[in-house]
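Have the sequence and the model open as you read.

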Amino acid sequence: SLVVDTAFDWEGDRAPLTPWSDSVIYEAHVRALTMRHPGLPPALRGTYGALDHPLITGHLRRLGVTAIELLPIQAYFDDRFLMAKGLRNHWGYNTIGFFAPEPRHGLRDPLAELKGAVKALHRAGIEVILDVVYNHTGEGDEWGPTFGFRGLDNASYYRTIHGGRYYANDAGTGNTLDLTHPAVLRMVMDSLRYWVEEVHIDGFRFDLATVLGREAHGFDPQGGFFDAIRQDPVLAPVKLIAEPWDIGPGGYQLGAYPAPFAEWNDRFRDGVRRFWRGDAGQAPELARRLLGSAEKFDHSRRPATSSVNFITSHDGFTLEDLVSFTVKRNFANGEDNRDGHDDNHADNMGVEGPSDDPAIRAARDLRKRNLLATLMLSQGTPMLLAGDEIGHSQGGNNNAYAQDNDTTRLNWQHDGALVDFVARLSALRRAHPVLRQARFLHARPRAADGLPDVIWRRADGAAPLPGDWHNPGFRCLGVELRMAAEG
């Protein structure tokens with residue numbers, strides 16, 4: 001049976017969730033977000049306690065954020081090959097304790113401090129979503145250490161191949177948890193319920209979620225994990241977000257998840273980046289992304305908020321680096337720059353790396369505003385990367401998973417102009433329901449007035465002709481939105 005410490009006083013905390021249509025997500029890392037903030041007490045920096053400081057909650061409220069999505073805080077393990085290079089697992093995607101907060105983010109009582117942060121964020125009207133890793137554990141491959149699961153019941157907890165001698169490696173980390181086994185599924189469900197009931201977490205983002213839905217016959221949106229979580233009275237009401245891919249067979253499953261799951265949409269990321277970079281023939285792609293990627297998500301009664309739109313995330317270039325570098329610079333990771341994505345759809349605006357040239361700086365600032373405006377004015381659920389609003393750079397590192405240092409720690413010395421711009425975009429989005437609809441738009445006539453719910457415009461104000469959509473040079477696109485047609 002589960003033993004729970006009831007000493008923490010929640011003071012009646014349990015605010016209702018923000019509707020998906022009103023949600024703005026802010027992806028952040030506990031240490032990276034707070035470690036260099038000059039206004040925080042030095043002892044609090046980099047800890048759970050920093051999250052409930054008015055400087056942090058006030059910044060989030062100013063941005064119009066409704067939910068902070070924390071990179072993994074379930075207790076995790078530093079990989080041996082990183083420690084040998086003097087590095088640490090900064091991101092935390094190597095969980096070993098699914099029922100405990102990572103102690104390195106705490107001071108004296110990590111669990112109580114985390115609860116205090118959740119309570120304070122709730123008082124500020126901000127939900128807390130956890131990035132969780134149930135696709136593998138920190139025990140690594142068949143040569144890795146034994147911390148628990150391997151010793152408890154290796155053949156039940158892990159997917160094995162070649163007669164059980166080796167692990168399946170669908171997560172790319174050496175092992176893969178087997179959620180088709182009842183004991184493993186129960187462990188995952190108990191863990192999720194623990195974080196909701198005892199820590200008042202408001203939702204989860206599931207890392208490499210295709211693993212969780214892979215049955216013996218392949219990925220199945222009606223598989224056991226999805227059935228279990230959707231029928232659970234504790235878990236069904238919270239926000240559920242899938243990273244809809246892994247490196248296993250049939251791993252890319254964007255748009256295939258069942259309601260009420262939302263999904264990270266990399267098609268939005270790549271399509272919007274390519275359009276603003278000036279790639280030819282991208283107007284139709286941009287049009288699809290502006291309308292919530294209906295070709296992927298408009299099925300099975302899923303809402304238009306199912307697409308979690310993002311330009312940047314922890315995995316890849318920051319916004320500042322996206323407009324400053326065309327080539328990744330990951331040498332500090334100790335893998336000779338072989339790690340990380342090679343095709344980032346980035347544009348340095350004429351100079352590789354930092355520049356003091358006023359013209360280059362102006363062009364980069366305009367590009368950042370263009371990208372952020374596209375994000376916040378598109379149908380779907382927008383997600384911001386912490387630090388993008390203050391111009392944080394990782395020096396071109398697009399895979400900073402092992403950089404627990406100033407590469408990832410936000411530099412809060414900034415002029416505030418971009419913060420104000422993001423705040424204005426959020427206010428605009430809140431003020432106009434037409435920008436955050438639950439129904440998809442398909443240019444169908446509305447019963448109320450017979451007009452289409454979306455109308456496209458060329459630069460001259462005329463509706464695009466079929467030939468325009470196929471013209472590689474068609475790069476100026478206007479859109480007139482109305483509330484969605486019924487049906």
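Q: Where is Pro260 found?
A: The model is a predicted one. In it, Pro260 sits in the loop between β11 (239–242) and β12 (262–265).

Q: What makes the peptide bond from Ala259 to Pro260 stand out?
A: The bond is cis. Its omega is near 10 degrees.

Q: Why is His200 called buried?
A: The relative accessible area of His200 is 8%. Buried means under 20%. The value of 8% falls under that cut-off, so His200 counts as buried.

Q: Where does His200 lie, and what is its phi?
A: His200 is in the loop between α6 and β8 (203–206). Its phi is positive, about 60 degrees, although His200 is not a glycine.

Q: How do you know whether Asn337 is buried or exposed?
A: Compare its relative accessible area with the cut-offs. Asn337 has 15%. Buried is under 20%, and exposed is over 50%. Asn337 is therefore buried.

Q: Why does Leu435 count as buried?
A: Leu435 has 11% relative accessibility. Leu435 lies in the loop between α13 (417–431) and β15 (454–457).

Q: Which residues is Leu435 in contact with, leaving aside its neighbours within four places in sequence?
A: Leu435 touches Leu377, Ser378, Gln379, Leu428, Arg429 and Leu481. Leu377 is 58 residues from Leu435 in sequence. From C-alpha to C-alpha, these two are 6.0 Å apart.

Q: What describes two packed helices?
A: The angle between their axes and the distance between the axes. For helix α6 (residues 182–199) and helix α7 (residues 224–231), the axes come within 11 Å and cross at roughly 35 degrees. The crossing of α6 past α7 is right-handed.

Q: Which residues of α6 and α7 meet?
A: On α6 they are Leu185, Val188, Met189 and Leu192. On α7 they are Gly224, Phe225, Ala228 and Ile229.

Q: How many residues of the contact of α6 with α7 are nonpolar, polar and charged?
A: Seven are nonpolar, one is polar and none is charged. Gly counts as polar, so Gly224 is the polar one here.

Note on methods. Residues numbered from 1 in each chain as written. Predicted model: local features only at pLDDT ≥ 70, side-chain atom pairs only at ≥ 80, totals over all residues. Heavy atoms only, no water. Axes fitted to C-alpha atoms, helices over the stretch in contact; angles between N-to-C directions. Helix = DSSP H or I, 4+ residues; strand = E, 2+ residues; numbered from the N terminus. Left-handed = near helix turned anticlockwise from the far one by under 90°. Contact = heavy atoms within 4.5 Å. Buried < 20%, exposed > 50% of the residue type's maximum accessible area, 1.4 Å probe, protein only.
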